[in-house]
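The stops below are given in the order in which to select them.

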Amino acid sequence: IVTSTGEIRSLLASGSILDIKNRELGIFSYVNVTHTKKTEIDLKTSEEKYRRLVENLSGEYFFYTHDANGINTYISPSIITMLGYSQDEMLTHYSNLLTNNPINNEVYKKTEESIKGIKQAPYPAEIFHKDGSKRLLELSETPIFNADRKVISIEGIAHDITDRNKTEKEIKGQLTEKETILKETHHRIKNNFAAIG
């Protein structure tokens, strides 16, 4: 309805017809649900924004949810671009996707802690790309609780840091090489001064 001041209000109406002495009498009640309706619209708008974000992520991120048993129940569509798998192919136990890299031993520990309700700092994991290559991911996870404060699932975001890690290793290698050259140069200069003196 539109009020006399021009405000738009949403009302929930309910009513019934009563037969009193062969006369029908209508009884109606109205409840102002404007705030509830606005909340529903805001929630729907927020969900649509979140869905667009999830569905349009670049090839460096994907969202996931797994249950308390470690079975993936949701993978965002960006997984196709990022790792070559379909969403359905990823709906398996998270351990089936891990390589045998020793860093993955921590993945099991971190996941168990998350399932116990303990939020973890971002941590690395190595996973197979569908083409057989290995990709390094940084995982950030949040435990999701039910009304009884029991963890029912884990929501996470995976960031592909393979290229970043490779670049960091190259830079460290170059710094080590330059440091070695500087030490050697310093040693030679020191020897030359010793020979002169």
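In which loop does serine 76 lie? Select serine 76: this residue sits in the loop that runs between β4 (72-75) and α2 (79-83). Keep in mind throughout that the model is predicted.

**Stop 1: serine 76**

Is serine 76 buried or exposed? Its relative accessibility is 0%, and buried means under 20%, so serine 76 counts as buried. Now show the polar atoms around its side chain. A polar atom of the serine 76 side chain lies 2.9 Å from the backbone nitrogen of phenylalanine 63. The side chains of serine 76 and serine 78 make a polar contact at 3.0 Å.

**Stop 2: isoleucine 79**

Isoleucine 79 counts as buried because its relative accessibility is 0%.

Which residues does isoleucine 79 touch, leaving out those up to four places away in sequence? Select Phe62, Gly84, Tyr85, Ser86, Gln87 and Met90, and display them with isoleucine 79. For a distance to check in the viewer, pick two C-alpha atoms, those of isoleucine 79 and methionine 90. They are separated by 8.6 Å, and the two residues are 11 residues apart along the chain.

**Stop 3: salt bridges**

How many salt bridges are there? The count comes to five.

Select arginine 9 and glutamate 7. These two form a salt bridge, with 3.5 Å between the closest N and O atoms. Arginine 9 has a relative accessibility of 28% and therefore counts as partly exposed. Glutamate 7, at 42%, also counts as partly exposed.

Next, select glutamate 106 and lysine 109. Where do these two residues lie? Both are in helix α3 (residues 104-115), three residues apart, which is about one turn of the helix. Glutamate 106 has a relative accessible area of 37% and is partly exposed. Lysine 109 has 51%; exposed means over 50%, so lysine 109 is exposed.

Then select glutamate 113 and lysine 116. The salt bridge between them has its closest N and O atoms 3.9 Å apart; the cut-off for a salt bridge is 4 Å. Glutamate 113 counts as partly exposed at 27% relative accessibility, and lysine 116 counts as exposed at 61%.

**Stop 4: the whole chain**

Clear the selection and switch to a cartoon view. How many helices and strands does the protein have? There are four helices and seven strands. Followed from the N terminus, the elements run β-β-α-β-β-α-α-β-β-β-α.

Of its 197 residues, 24% count as buried, including serine 76 and isoleucine 79. Among the contacts in the protein with a separation of 6 or more, 37% come from residues 24 or more positions apart.

Methods:
Residues are numbered from 1 along each chain as its sequence is written. This is a predicted model: local features need pLDDT of at least 70, side-chain atom pairs count only at pLDDT 80 or more; totals for chains, interfaces and linings use all residues. Side-chain values use heavy atoms; hydrogens and water are left out. Buried means under 20% relative accessible area, exposed over 50%, partly exposed in between (1.4 Å probe, protein chains only). A polar contact is a pair of N or O atoms within 3.5 Å; within protein, one must be able to donate a hydrogen and the other to accept it, and residues adjacent in sequence count only if both atoms are side-chain atoms. Contact means heavy atoms within 4.5 Å. A salt bridge is a side-chain nitrogen of Lys or Arg within 4 Å of a carboxyl oxygen of Asp or Glu.
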